[in-house]
Amino acid sequence: MKRIRIPETDLWISSMGCGCVNAGLKWEGQSADEVFDAFFDLGGNLYDTARVYSDWVPTEVGRSERVLGEWISRSNKRNEIVLATKGGHPDMRAEEIDLHKSRLSREEMEYDLDLSLKALQTDWIDLYFYHRDDCTRTVEELIDTMESFVKAGKIRYYGCSNWTAQRIKEADAYCRKMGYRGFAANQMYYNVGSMHKHPAADDTLVMMDEEMLAYHRENPQNLAMPYMGLCSGAFNKWIALGEAAVKENEYYTKENEKVKTQLMKTAEKYHITITQAVLGFFTCQDFNCVPLYGPRGADSFPEACGTFEIPFEKADYIIK
């Protein structure tokens, strides 16, 4: 895969990132090595995880970072990859989980960051994200927290995940005032069907909307890094198994039925898989867009990475 440079940084990252939410769940040890090595061998260098992955499964905290950190140590590839993780997510181990209960104080963020550094077996994080926002806290406070981590040498650059475009603009304005680099990347819920789906059950997930699209067209220094890029397999299932298989799916809408038809036409045009047609959407944006891809296993990477060699056109994703 080709590399994309985030403006005003020295970070060159692959066209797609390896999402590590399943590390420690679906693959660990040798199988994890196979997954991480397969991505690297195909030109991938962006590995994305989070302190909270996957605390909703009992018995271990921070398992994704641990498994990724073990591979980093064994492979000796720390200086050849771009390592991204996130902190400040609501506590998923609480007796009563409240996704709206903020954990974004400087003390809580530093607590998460220090655990991440230890688990990942590294002295620094290349891209460190706020996993959620807390609108009761000022952007000044939140940016100053990240800047303190940069000054301490714990992180190189920082970003946001699940922030609205308006809050990002406010943070950008404060960074310009203070002479800070500001957000280098933004993670949001975005894919070929997200604009037409039913609302997500988790309302703390922020969708790409028209305001955010306009923001990224005008602000290339903040790289768009979407998650849920494969639409949770909804279109694959719809096309392979028919309407009955997805009637209860959040992507099952009249508009997305048109999207499904267009994806089939695009797949036929290029003689590619539906997965590649779905991922190809990200190559046709008006701004650099690096989706995060959660692999089933090592053998799923050639298909996904091969997407970025296909000469898609914007017309391939125009719904008529």
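Leu11 is buried, with a relative accessible area of 3%. Buried means under 20% relative accessible area, exposed over 50%, and partly exposed in between (1.4 Å probe, protein chains only). This is a predicted model, in which local features need pLDDT of at least 70, side-chain atom pairs count only at pLDDT 80 or more, and totals for chains, interfaces and linings use all residues. Residues are numbered from 1 along each chain as its sequence is written, and side-chain values use heavy atoms, with hydrogens and water left out.

Stay with Leu11. Leu11 sits in the loop between strand 1 (3-5) and strand 2 (12-14). Helices (H or I, at least four residues) and strands (E, at least two) are DSSP runs, numbered from the N terminus. Beyond residues up to four places away in sequence, Leu11 touches Ile4, Arg5, Ile6, Val82, Asp126, Leu127, Arg156 and Tyr157. Contact here means heavy atoms within 4.5 Å. Glu28 is 17 residues from Leu11 in sequence, and the two are 28 Å apart in space, C-alpha to C-alpha.

Now follow the contact to Leu127. Not counting residues up to four places away in sequence, Leu127 touches Leu11, and also Ile6, Leu83, Ala84, Thr85, Tyr157, Tyr158, Ala184, Ala185 and Met225. The largest nonpolar core has 99 residues, and Phe36, Tyr47 and Leu127 touch the most other members. Helix 1 (residues 30-41) gives the most to this core, with six residues. A nonpolar core is a set of buried Ala, Val, Leu, Ile, Met, Phe, Trp, Tyr and Cys residues joined through side-chain atoms within 4.5 Å.

Next, a pair of helices. Two packed helices are described by the angle between their axes and the distance between the axes. Helix 5 (residues 165-178) and helix 6 (residues 210-218) pack at an angle of about 35°, with their axes 9 Å apart. Axes are lines fitted to C-alpha atoms, for helices over the stretch in contact, and angles run from 0 to 180 degrees between N-to-C directions. Helix 5 brings Ala165, Gln166, Ile168, Lys169 and Asp172 to the contact, while helix 6 brings Glu211, Met212 and Tyr215.

Which residues of helix 6 are buried? They are Met212, Leu213, Tyr215 and His216. These residues lie on the same side of helix 6, because they cover an arc of only 160° around the axis. The arc is that of the directions from the helix axis to the C-beta atoms. The buried residues pack against helix 5, strand 8 (185-187) and strand 9 (223-224). The face turned away from the buried side carries the exposed residues Glu210 and Glu218. Asp209 caps the N-terminal end of helix 6, with a side-chain oxygen 3.3 Å from the backbone nitrogen of Glu211.

Further along is Thr253, in the loop between helix 7 (234-241) and helix 8 (254-270). Thr253 counts as buried, at 16% relative accessibility. A polar atom of its side chain lies 2.9 Å from the backbone oxygen of His196. The backbone nitrogen of Asn256 lies 3.1 Å from a polar atom of the Thr253 side chain. Leaving aside neighbours within four places in sequence, Thr253 is in contact with His196, Lys197, His198 and Trp238.

Finish in helix 9 (residues 274-280), where Gln276 lies. Is Gln276 buried or exposed? Gln276 is buried, with a relative accessible area of 11%. Not counting residues up to four places away in sequence, Gln276 touches Glu303, Gly306, Thr307, Ile310, Phe312 and Tyr317.

Technical notes. Polar contact = N/O pair within 3.5 Å; in protein donor to acceptor, adjacent residues only side chain to side chain.
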